Amino acid sequence: MSELYAATRMFDYGPPNTPGETLDPGQIVELGGWLNDDKLIRLNLVKKIDGRSKPCQCGKCGKQFAAEFFLSGHGNKRHRGLTAKEQLDVSIAEDKKMDTVMPLHLDKTAATRGRRKRA
Ligand SMILES: [Zn+2]
């Protein structure tokens, strides 16, 4: 079963003990069945792609994105000759935006799920 998801933040994804691939927000990824996949879904770090979305592809590196908006953000960050520091600054700004439109489900971490409220 291979279902496609889109990353909601920049993070590295891949098999255990490898550096993985750095995903940008909106980048389409096929989950590999690794140990943490369920956690990525539960915390909203990836969102399932529905059948209505029309993926678009980066003309420079071939990566696929869930929407034109994300492709544009990726292109501005990765293919304009920015330094690593500048790319990081853009990523931090992207994360802040995404915190507003697609918040992470931080109430669903293992720690918060295991916590009991005290009376
Ligand atoms: Zn690209």
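1. The model is a predicted one, in which local features need pLDDT of at least 70, side-chain atom pairs count only at pLDDT 80 or more, and totals for chains, interfaces and linings use all residues. Residues are numbered from 1 along each chain as its sequence is written.

2. Although Asn17 is not a glycine, its phi is positive, at about 65 degrees. Asn17 lies in the loop between strand E2 (11-13) and strand E3 (21-23), where helices (H or I, at least four residues) and strands (E, at least two) are DSSP runs numbered from the N terminus. With 6 other C-beta atoms within 10 Å, Asn17 is exposed; a residue counts as exposed if 12 or fewer other C-beta atoms, placed from the backbone, lie within 10 Å of its own, as buried if 20 or more do, and as partly exposed in between.

3. Asn44, which is not a glycine either, has a positive phi of about 70 degrees, and is found in the loop between helix H1 (37-42) and strand E5 (46-48). Asn44 is partly exposed, with 16 other C-beta atoms within 10 Å. Most residues other than glycine have a negative phi.

4. In helix H2 (residues 68-78), the residues Phe70, Leu71, Gly73, His74 and Lys77 are buried. They lie on the same side of H2, because they cover an arc of only 160 degrees around the axis, the arc being that of the directions from the helix axis to the C-beta atoms. The face turned away from this buried side carries the exposed residues Glu68 and Phe69.

5. The buried residues of H2 pack against strand E6 (56-57), strand E7 (64-65) and helix H3 (84-101), with two residues taken to be in contact if their C-beta atoms, placed from the backbone, lie within 7 Å.
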